[in-house]
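Try each task before you read its solution.

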Amino acid sequence: MSKPDPDSRKKGKPTRTKWIVTVFLLTIAISAIISFCSSLLMEASTVAVAFLILLVIVLIGIIFDIVGVAVTSADEKPFHSMAARKVVGAQEAIRLLRKADKVSSVCCDVIGDICGVISGSASAAIVAQILSNFDFSIPQLITLGMSALVAGLTVGGKAIGKSIAIGSSTQIVHLVGKIIWSASHMFQKKDR
């Protein structure tokens with residue numbers, strides 16, 4: 001049995017620490033931006049619009065969870081064939097798969113968890129709007145119902161999303177690769 005190379009462990013620590021710090025700072029930045037935007041939108045909207053914003057936040061969390069799971073479960077082989085045929089998005093998909101741990105961490109943990117936290121505060125804002133507009137004898141019932149609804153939508157949506165992600169991982173990763181390719185080429189055209 002071979003022993004791990006001590007130099008490889010030394011090389012891995014700064015990279016791991018750098019990644020942890022990057023994820024920490026990225027989470028703070030994304031969370032602050034999404035919280036700020038959703039708070040502004042929630043304050044200026046009706047209960048129906050606020051509920052739609054809440055659904056969008058939950059949906060974003062579900063979509064990124066699907067991407068994170070798809071990247072960890074997809075096989076790289078089909079994308080090599082696509083890349084050889086110069087299929088749009090194949091190279092980007094290969095890059096995603098080679099960094100599956102980081103992509104999954106950002107998609108599932110950073111964005112998914114941020115959406116979970118923000119959907120909780122958004123549901124609290126909706127409850128506050130409902131309670132200020134209507135007279136309820138048991139406000140805890142509204143709070144409990146809203147929390148249960150958001151939790152049910154989030155967990156149920158992610159459960160459905162995980163089975164879709166595992167069953168269609170190649171197609172999902174390729175779609176994300178195409179989106180990345182399109183975004184990068186859109187900015188290249190503007191620079192010219």
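**Exercise 1: the α3 and α4 pair**

α3 crosses α4 in a left-handed sense (left-handed if the near helix is turned anticlockwise from the far one by less than a right angle, right-handed if clockwise). Before going on, note that this is a predicted model, where local features need pLDDT of at least 70, side-chain atom pairs count only at pLDDT 80 or more, and totals for chains, interfaces and linings use all residues. Residues are numbered from 1 along each chain as its sequence is written, and side-chain values use heavy atoms, with hydrogens and water left out.

Task: find which residues of α3 and α4 make the contact.

Solution. Start with the axes: those of helix α3 (residues 77-84) and α4 come within 8 Å and cross at roughly 150 degrees. Therefore α3 is roughly antiparallel to α4 (angles over 145 degrees count as roughly antiparallel, under 35 as roughly parallel, 65 to 115 as roughly perpendicular and the rest as oblique). Then list the contact (heavy atoms within 4.5 Å): Phe79, His80, Met82 and Ala83 of α3 with Ala90, Gln91, Ala93, Ile94, Leu97 and Arg98 of α4.

**Exercise 2: the α2 and α6 pair**

Task: work out how helix α2 and helix α6 pack, and at what angle.

Solution. Helix α2 (residues 47-73) packs on helix α6 (residues 139-167) at about 30 degrees, and the axes are 8 Å apart. So α2 runs roughly parallel to α6. Their crossing is right-handed. On the α2 side, the residues that meet α6 include Phe51, Leu54 and Asp65, and on the α6 side they include Met146, Leu149 and Lys162.

**Exercise 3: a salt bridge**

Task: which side chain meets Asp65 in a salt bridge?

Solution. Recall the rule: a salt bridge is a side-chain nitrogen of Lys or Arg within 4 Å of a carboxyl oxygen of Asp or Glu. The count comes to two salt bridges. In one of them, Asp65 meets Lys162 at 2.6 Å, N to O. This pair ties together distant parts of the chain, as Asp65 sits in helix α2 and Lys162 in helix α6, 97 residues apart.

**Exercise 4: the α5 and α6 pair**

Task: is α5 roughly parallel or antiparallel to α6?

Solution. Take the angle: helix α5 (residues 100-133) and α6 pack at about 150 degrees, with axes 10 Å apart. α5 is therefore roughly antiparallel to α6. The crossing of this pair, α5 and α6, is right-handed. Among the residues that meet are Gly112, Ser119 and Ile126 in α5, and Pro139, Ile142 and Lys158 in α6.

Technical notes:
Axes are lines fitted to C-alpha atoms, for helices over the stretch in contact, and angles run from 0 to 180 degrees between N-to-C directions. Helices (H or I, at least four residues) and strands (E, at least two) are DSSP runs, numbered from the N terminus.
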